[in-house]
Amino acid sequence: MQLEKYKIQQYNDDQLKGHERRLSFAVSEIENAEAIIQKLVDFQIAIPSWALGTGGTRFGRFPGGGEPRSLEEKIEDVGLLHSLNQSSGAISLHIPWDIPKDAKAIKALAAQYGLKFDAVNSNTFQDQPDQALTYKFGSLQNVDKAIRKQAIEHNIEVIKHGVELGSESLTVWLSDGSCFPGQLNFRKAYQNTLESLQEIYAAMPENWKMFLEYKAYEPNFYSTTVGDWGQSYSYVQKLGEKAFTLVDLGHHLPNANIEQIVALLLMEGKLGGFHFNDSKYGDDDLTAGAMKPYQLFLIFNELVEGMDARGMNHATDLGWMIDASHNVKDPLEDLLQSVEGIMMSYAQALSVDRKALEEAQAINDVVRCQEILQNAFRTDVRALAAEARLRAGGALNPLGLFRSLKVRENLIAERGLKTIATGL
Ligand SMILES: [Mn+2]
């Protein structure tokens, strides 16, 4: 489904008066409103190819209809999101779920929608039908050299697909670990994983980055070989300057101070990118900002402060991706909500009075420090995000337009009710 520009315009025209009223109030309240709007225009968040369909729970899957049946239709869906919010200008592919048959044509199609290819993701956490050896007991860590070799070759294959599409980074997430004490020699598992990663690293083009994601537990329940940021950091330190840690918000133990992790990784020059999502109990893969918006704001507060301290470009120097799964909501509506949640936290973090905060920190005025952050968090920045979308050619209210144009109904009419997207 193509979204005609005039429909967005028409919709915006109807909403303009209310928007202008809200914007003028926001601008009068927020000192650097104009600079924030410009930063929001530039900020793009990659949509993962596996989040365009409904995900499964451990017990079942309930497709909502009109899901993309091919990589082409996934790109079309991300194009749709991007035309609505102008902030989803990239797609992150999962191999082998989304192997491009004709890379040139896929690249051209994406360009037509104004989309780039963000990090490509390898998959050694499940066995594919045509695969010779099993990953049941791990991939890059495996005690069997032949299995490690198979996993390494898969990653190199993923890099090749990425190169053809113009991607410039590889995300490696390993489910490797153990379920019972004694199952694994931790040191040997680490060594095997490091050597395997070194081979993959050596196969990356000069301008590429490797993102090494960590996760505390699941699917393994006793140990995970890249289990936390310290372990990921230890690997990427040894791998070299093109290797970075990737933070997935759902991959920590309960109550972990993620903002502090982010601040220190950034300080060490080893923060590579993000997988945004939210959670209540574990790796719930819920909509970004749906559960703990203050935490998301505090994370962005460290990101903005840390990136500015290092003179980094907010929009391009880190990989910004969503990693989510949708069991009860329309995936496209959910992704619109996630992008909006991320934009809110980013905008609020940009509005923090840095100078005042620094002064308050220097004299240990704890109350003032807390007030400065809470004041930013409690600031309504919705009109700034809407204005950024308006200037970029998107919709003032993407979700509202999605519903009023009956996008899902149209997709079901085009693709059918019983379509199932590849993914988990
Ligand atoms: Mn992830």
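This is a working chat about a predicted model.

Student: What should I know about numbering and confidence before I start?
Tutor: Residues are numbered from 1 along each chain as its sequence is written. The model is predicted, so local features need pLDDT of at least 70 and side-chain atom pairs count only at pLDDT 80 or more, while totals for chains, interfaces and linings use all residues.

Student: OK, helix 5. How many residues has helix 5, and what span does it reach?
Tutor: Helix 5 covers residues 145-165, which is 21 residues, and reaches 31 Å from its first C-alpha to its last. That is close to the 30 Å expected at 1.5 Å a residue, where the expected span is 1.5 Å times one less than the number of residues. Helices here are DSSP runs of H or I with at least four residues, strands are runs of E with at least two, and both are numbered from the N terminus.

Student: Which residues of helix 5 are buried?
Tutor: They are Ile147, Arg148, Ala151, Ile152, Asn155, Val158, Ile159, His161 and Gly162. Buried means 20 or more other C-beta atoms within 10 Å of the residue's own, exposed means 12 or fewer, and partly exposed is in between, with C-beta atoms placed from the backbone.

Student: And what do those pack against?
Tutor: The buried residues of helix 5 pack against strand 4 (120-121), strand 5 (169-172) and helix 6 (186-202). Contact means that two C-beta atoms, placed from the backbone, lie within 7 Å.

Student: Which residues other than glycine have a positive phi?
Tutor: Asn255 is one of them, at about 70°, in the loop between strand 9 (243-248) and helix 8 (258-267). Lys406 has a phi near 50° and lies in the loop between helix 14 and helix 15 (407-415).

Student: Are those two buried or exposed?
Tutor: Asn255 is exposed, because it has 6 other C-beta atoms within 10 Å. Lys406 counts as exposed with 11 C-beta neighbours inside 10 Å.

Student: Switching to prolines. Where are the cis peptide bonds?
Tutor: One joins Ile95 and Pro96, with omega about 15°, and Pro96 sits in the loop between strand 2 (90-92) and helix 4 (103-112). Another joins Glu218 and Pro219, with omega about 5°.

Student: What about Pro398, buried or exposed?
Tutor: Pro398 counts as buried because it has 28 C-beta neighbours inside 10 Å. Its place is in helix 14 (residues 398-404). Not counting residues up to four places away in sequence, Pro398 touches Leu84, Asn85 and Leu336.
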